[in-house]
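Me: I've just opened this one and I'm new to it. Can you walk me through it?
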Amino acid sequence: MEKIIQNTYDSLLNLKSEILEYIDLDQENQSIQNLEAYLKLRSLDITKLQDELTNLGLSSLGRAQSCVLNSINQDIFILAKLLQKEYTQSKIDKEALNFDDARKIHLNNAKVFGKTEESFKTKVMVTLPSDAATSPNLIGDLIKSGASVLRINTAHDDANTWNAMAAIIKQENQKQNKDTKIYVDLAGPKNRTQKIEKLFTPFRIGSWRDPKKVQILSQSIPNALTSKGLKDNFGNRISTLVVSDELYNEALQADALTIDDFEREKTQTYTLFVEEGKLFIEVDKKITIFENSTVELTYDDGRESRMSRLYNFELLPQEIRLFKDDKIIIAQKNILGQADFEYQDVLYKGIISCSNKDIFPFVKIGDEIFIDDGKIGCKVIDSNELGLVCEVFLAKENGTVLKEEKGINFPSTDLQIDAITDEDKKNFESIVEFADIIGLSFVQ
């Protein structure tokens, strides 16, 4: 048993030595020293040591983040007594952040981040959507439900919108006697994927098991689209088909609408009906809508039918679905993203441009790049005139879709660019009067 205690004691001394080599001992701010100690602790694999500490009934350092060196020291002191050794505290030990100091920091924390609701163990931060500027009830409900911090992201909207949000927060705080803080994120240099080439994607409508309504729209209706449509809160999708004005006007008096089914080389006929002044067909048979699909009115009384092509197709970014080991180009030129991109006789799974051209001189072969909050991970394996050639090492088993306007992160690259842009400085003047906390998005 004594040998186990001795080994654990030695391991703790080695761990402490590694941490002390990492932190800046000339830094007088205890909080910063403790943060450095915590970062080093988390970078090490101490699983075996933690098991040994647990078996001895000591703290396994799982919750040492508030006072790292002090937590390690406590275990060292106890083991030294068990081994009948004398452990003399150094100046560093005495000045290390202890539990009482950490508790004071936690209490001061509330002054910045607001008080924690009794029903929550931790602070709750909520990012406000754009329509919060005109939705007092939304903000009021968030505050009432216990939000500690409400976040405003200056990457979206404008100064008028941010000020409107802040005004509502302050009104609701006063009304509810709360102290919900306002956190404002400055956007920083925008490393984002850019636009992807838009195409019409054929879509399927209808099901004999679960017939769906599909709305028929007239070509002259503003913003009318032939579209798969979005799902509502109940999971239902209302697709829309845009036809000529002439056919639409006659369809109001017709019995059925026939659509060419190219996949089955036949036609499908659907019943027309009007509901709350809108024209629909009940699609009880599946069919795929293509750009060359046509619709035709049919009548029970033998009247001559009228035909129309479809109009105003909704164009959506083409799908670039990435799998592990796929190769893509992250372009430094303004190129529309696209799937299956060929360059210099090499076929890549896709190409996408990065909004920030200043980063490219600093990225080197072997650097890792993460896209869309880490959903896609890739490594730089080469470069060409267009940009960086990357190989995907992280994606879902069934593929992850590369989307436009998503963040690109370079964690292993020393990006020597300013974290605060001219736009941030301008925005700072707009938010400084009401912000309790100001965050920077890209800090190294």
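Me: Which residue stands opposite Gln338 in β18?
Reply: Ile351 in β18 stands opposite Gln338. Five bridges join β17 to strand β18 (residues 346-353), and the two run antiparallel. Helices (H or I, at least four residues) and strands (E, at least two) are DSSP runs, numbered from the N terminus. Two strands pair if DSSP finds at least two bridges between them.

Me: Before we go on, what kind of model is this?
Reply: This is a predicted model, where local features need pLDDT of at least 70, side-chain atom pairs count only at pLDDT 80 or more, and totals for chains, interfaces and linings use all residues. Residues are numbered from 1 along each chain as its sequence is written, and side-chain values use heavy atoms, with hydrogens and water left out.

Me: OK, back to β17 and β18. What's the strand order in their sheet?
Reply: The order is β17-β18-β16-β21-β20-β19-β23, an open sheet of seven strands with mixed pairing. At the edges are β17 (338-343) and β23 (408-409), each pairing on one side only.

Me: How does β21 pair with β16?
Reply: Strand β21 (residues 387-394) and strand β16 (residues 327-331) are antiparallel, with five bridges. Within that pair, Ile328 stands opposite Cys390 in β21.

Me: And how many bridges does β21 have with β20?
Reply: Six, again in the antiparallel sense, with β20 covering residues 376-383. Gly377 faces Leu394 in β21. A hairpin of three residues links β20 to β21.

Me: Is Asp373 buried or exposed?
Reply: Asp373 is exposed, with a relative accessible area of 72%. Buried means under 20% relative accessible area, exposed over 50%, and partly exposed in between (1.4 Å probe, protein chains only).

Me: What about Leu61, what's its phi?
Reply: Leu61 has a positive phi of about 70 degrees, and it is not a glycine. Leu61 sits in the loop between α3 (47-55) and α4. At 5% relative accessibility, Leu61 counts as buried.

Me: Switching to the other sheet: what's the order with β7 in it?
Reply: That open sheet of seven strands goes β7-β6-β10-β9-β8-β12-β13, with mixed pairing. β7 (239-243) and β13 (307-309) are at the edges with a single partner strand each, so one side of each has no neighbour in the sheet.

Me: How do β12 and β13 pair?
Reply: They're antiparallel over three bridges, with β12 at residues 294-298. Glu296 stands opposite Met307 in β13.

Me: Now the cores. How many residues does the largest nonpolar core have?
Reply: It has 25, and Leu241 and Ile281 have the most contacts inside it. A nonpolar core is a set of buried Ala, Val, Leu, Ile, Met, Phe, Trp, Tyr and Cys residues joined through side-chain atoms within 4.5 Å.

Me: What does Leu241 touch?
Reply: Not counting residues up to four places away in sequence, its contacts (heavy atoms within 4.5 Å) include Phe203, Val214, Ile259, Ile281 and Leu310. There's also a second, separate core of 23 residues, with Ile196, Ile330, Cys354 and Ile376 among them.

Me: Let's do helices. Which residues of α1 are buried?
Reply: Ile5, Thr8, Tyr9, Leu12, Leu15, Lys16 and Ile19. Down the axis of α1, they fall within an arc of 125 degrees (taken from the directions from the helix axis to the C-beta atoms), so they line one face of the helix. The face turned away from that buried side carries the exposed residues Lys3 and Glu21.

Me: And which are buried in α2?
Reply: Gln33, Asn34, Ala37, Lys40 and Leu41. What covers them includes α1 (2-22) and α4 (68-82).

Me: Last one: what is Glu250 in contact with?
Reply: Leaving aside neighbours within four places in sequence, Glu250 contacts Leu297, Tyr299 and Arg306. Glu250 lies in helix α9 (residues 245-251), and at 28% relative accessibility Glu250 counts as partly exposed.
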